[in-house]
Amino acid sequence: MGIEQLSALEIGQKIKKKELTAVEAAQACFDRMDAMESEVHAFITIDRERAMAEARRVQKGIMDGTYTGPLAGVPVAVKDNICTKGVATTCASRILENYVPPYDAHVIERLKEAGAVIIGKTNMDEFAMGSTTETSAMGITRNPRNTDHVPGGSSGGSCAAVAANEVFAALGSDTGGSIRQPSAYCGVAGMKPTYGTVSRYGLIAYASSLDQIGPVGKNVADCAALLEIISGPDRRDSTCVAGESLDFSGLWEEYKISPEAVAAGLRGMRVGVPEEYFTGGIDPQIRDAVLKAADTMKAGGAIVETFSLGMTQYMIPAYYIIACAQASSNLARFDGVKYGYRTEGAGDLHDMYKKTRAQGFGWEVKKRILLGSFVLSSGYYDAYYIKALKANRLIKEAFDRAFEKYDLILAPAAPSAAPKLGTSLTDPLKMYLSDIYTVAVNLAGLPAMSMPCGQTGSLPVGLQLIGQRFKDDIVVRGAAAYEVLRGNWMASEAPSEEVKEAL
Amino acid sequence: MSKQYETVIGLEVHVELSTKTKIFCGCSTEFGGAPNTHICPVCSGLPGALPVLNRQVVEDALALGAATHCHVNRLCRFDRKNYFYPDNPQNYQISQLYLPICHDGWLDISTGGGTRRVRIHEMHMEEDAGKLVHDEWEDSSLVDFNRSGVPLIEIVSEPDMRNSEEVIAYLEKLRSICRYLGISDCKLQEGSMRADVNLSVREVGSDVLGVRTEMKNLNSFKAIVRAIDNERERQIELLEEGRQVEQETRRWDDNKEYSYAMRSKEDAKDYRYFPDPDLPPVYIDEQWMARTNEDLPEMREEKAARYMESWGLTEDEAALLTDSRNIAEIFEKTVSLCGQAKKAANWLTGETIRLARETSVDLDHVSFAPEHLAALITLTDKGDLNNQNARKVFEAIFTDDADPEIYMEEKGLKTVTDTGLLEEITDKVLSDNPKTVEEYKGGKTKVLGFLVGQVMKQMKGKADPGLVNRMLTERLVSYKLPKNDD
């Protein structure tokens, strides 16, 4: 087994113990990329020289005691909608093809302070709009578990890179499921933190009130370690209300004791299973795998029961109205005037605007800008945008009621496993509906983690654990405990009759 | 013209705040740097940048709201106004529509026609845009974002004004308040105060509003007056011809004294306003409200009234002194130090304004220690300085904030009070000017001035002309010209 199969924390540990250098770790990633990228294409930008120089610099810092954190020297990848100073940041869009930001996003500053080595920028759906990474203007990404299938999206590149062992961990962004759904499709762990926990400064906005940066890792602990680094206050983002960084030291202590100690975290935890999430369009194999996970948690000492969440029919429409409305305004700045793509040979100013945007944006982005402009326009604002905000408030309240009774809500991450390449964009409505289990979490600003809980054929199935706002620690504790109890997810079993009957 | 028309005017005034930094980032608001030197990712609209509200802007808006008797939306919010233009880096302006910070206030204005209350509809905070520079040589346009994100307050009045005189009175009052609050210097020429005029006409006696136009590009009070008169005439002419006034935005060209239509109501843009998700609502609590009211300074009119009442100043003096809060403050401090209100007022309304004008110093920026003016007044009272020398000393105070006593000694300006020396010189002057003495004696008393001048000259200006005058008059009564022996 090569070192590329190790987790981020294991690599960090090896580097700390001087069994490995940051340079060797980075080299291992590049070697793996050489083997995988032609097939997977998880990355948009790979800057080997810069990354190797950075690895050498960090290694020096580790030797002289500048970097002491658990991920010092560990190679990580970053979704291409997060600004990196001096390295192209394209949002997988032609309109930003040659855009090189003059500043680092807050999370990049934090990663650098922690000594993590950024080895590349990952592919995504254009401007994070899509669920398959097929709307990227930089080519598609394939699911490393089965390359005929999509990796999911929009953080498909980050999840595929981690799943393909091309990198040890990555950052994604999640506006309506964009970390959790591709994590499920690719069989990795990914978390969307509570809105306001991680600064959005330097994240190129899709929908400002829903966007949140989060970690993607091979396991829960790697995600937690990344989250400790990137979370915390930042005065440059007024919506970042975190008083301090997340602190999982309790969990780390339990890991040191034994896996059993971690698993014991589930004891007495109240877990609610929304019955609406297991009827309708859900693939029976997905349902069974997720219910099996509920069963495992119950066996581990959790109190698991079903309940009715309510409001589920309003989640998709409310999400698409709010997200598109904000996107139509957020993407207005891409106009050919200041940076990015500008059309050749335009006549007057308006001609330049029109041609630049017509040529620079892809279809999915244009569709959402049009939809968003429509719902904000005079005469429709109240009927759509205001109504969607009202629905949003009711959805929030439905979750608040549930969290009076439960510590965690257990749900699938997606109604099916990763679809085949080329089958989703032709039926956009179906693609939008596949976001049913993830979008409400963003509307309500909740923390949620997706992790594999089994397989259907060659494809992983994702389990989603959702927590109350600012209870990210409970989500991580629950996920870590489940992970221990689950063991190897590739060997999936059917759920117990008891759980099946309960529904 | 057979019918009688009334003009109905409402104003939208933009006031540029003089905060040190911009409204949503830490960049300097300083006027006139090299293009794009006061910019950052936020105010140049780079991808991923986020706005953070400058609290001082809220403080300023609350103060202006309190001074104009406005209600405050204790929970106010910012909204995005979406439109494409290259001077606007995000292609939306962060402004306030749904919940502006202040609403429903008023200002009383006085004109020759009496007093009128102008109601204020609302007041909101927003960001300024950048500046487009057209390069004639290259046939291209360049954009400078230095001004992008400079804070503005927009004050929207009700259509309560009826002529240009009232409009000017309203603007002057608003300007005085802003300057007293220290929130803006309100210079129309420099664009730190901008007024758009909404004007309609109707038949006298009608209570229905006519169709209005909005006039832009008014860069001076004179331009505003001309534009109002011109637009009133234009609209009346249309109505008299049986035509309609179009609801439109017009641009005033002050050189041609003519306005032209920029866009009609049909081309009015749909700004797709919605609450800015990057900025949490601003909550103004009880304490904040109370502090705003406590910190509110005494305004110009109250001050002027108090000056007339307490110190018996004339209306003109009080008005001149209170034009600038800075001068008023120097005045009050000086009076508290030397107790001479009238004299302090004289220095501050006469010499100060003259010197300020000559040296093109804004009255708000006149700076010298009131202690020095008070000392000057005391020196003149004691007779140590005559008027002419006092003016010299004051000039040194005005320009260098000189200590009058030190300056007087250094320059040897102190009045000589040695009567023995004065008598000697007086006698010398009389004996040197027998012809003049004769004229005086012959009843031509006007020539006394010449003699005083001669004494002052001999004294190198360091005598009290009043005293010299008295001494000469006394002396001349008994003075006999020396007999000519020839």
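What follows is a short chat about strands, a helix and a chain contact in a predicted model.

Biologist: Why is strand S4 of chain A called mostly covered?

Modeller: A residue counts as buried if 20 or more other C-beta atoms lie within 10 Å of its own. In S4(A), residues 169–174, six of six residues are buried, hence the label. Ala169, Leu171 and Ser173 of chain A point one way, Ala170, Gly172 and Asp174 of chain A point the other way, and all are buried.

Biologist: What makes S2(A) and S4(A) a pair?

Modeller: DSSP has to find at least two bridges between two strands. Strand S2 of chain A, residues 75–79, has three bridges to S4(A), and the two run parallel, so they pass the cut-off of at least two. A:Val78 stands opposite A:Leu171 in S4(A).

Biologist: Over to chain B. What makes S5 and S15 the edge strands there?

Modeller: The open sheet has three strands in the order S5-S4-S15, with antiparallel pairing. S5(B), 92–95, and S15(B), 274–275, each pair on one side only, and that makes them the edges. Strand S4 of chain B, residues 79–82, is joined to S5(B) by four bridges, with B:Lys81 opposite B:Gln93.

Biologist: How do you know that the length of H10(A) agrees with what a helix should span?

Modeller: Helix H10 of chain A, residues 284–299, has 16 residues, so at 1.5 Å a residue it should span 22 Å; its end C-alpha atoms are 22 Å apart, which agrees. After the helix comes A:Gly301, with a positive phi near 110 degrees.

Biologist: What is known about residues 329–476 of chain B?

Modeller: UniProt, in an unreviewed entry, places the feature "domain: Asn/Gln amidotransferase" there. In the model the span is 73% helix and 0% strand, and its end C-alpha atoms lie 48 Å apart.

Biologist: Which residues does the contact between the chains take?

Modeller: It takes 30 residues from chain A and 24 residues from chain B. On the chain A side, helix H11 (312–330) and helix H13 (363–376) are the elements giving two or more residues. H11(A) has the largest share, three residues. By class, that side has 13 nonpolar, ten polar and seven charged residues.

Conventions:
Residues numbered from 1 in each chain as written. Chains lettered and ligands numbered in written order. Predicted model: local features only at pLDDT ≥ 70, side-chain atom pairs only at ≥ 80, totals over all residues. Buried ≥ 20, exposed ≤ 12 C-beta atoms within 10 Å, placed from the backbone. UniProt positions renumbered as here; feature names shortened; annotations may be inferred. Expected span 1.5 Å × (residues − 1). Contact = placed C-beta atoms within 7 Å. Nonpolar A, V, L, I, M, F, W, Y, C, P; charged D, E, K, R; others polar.
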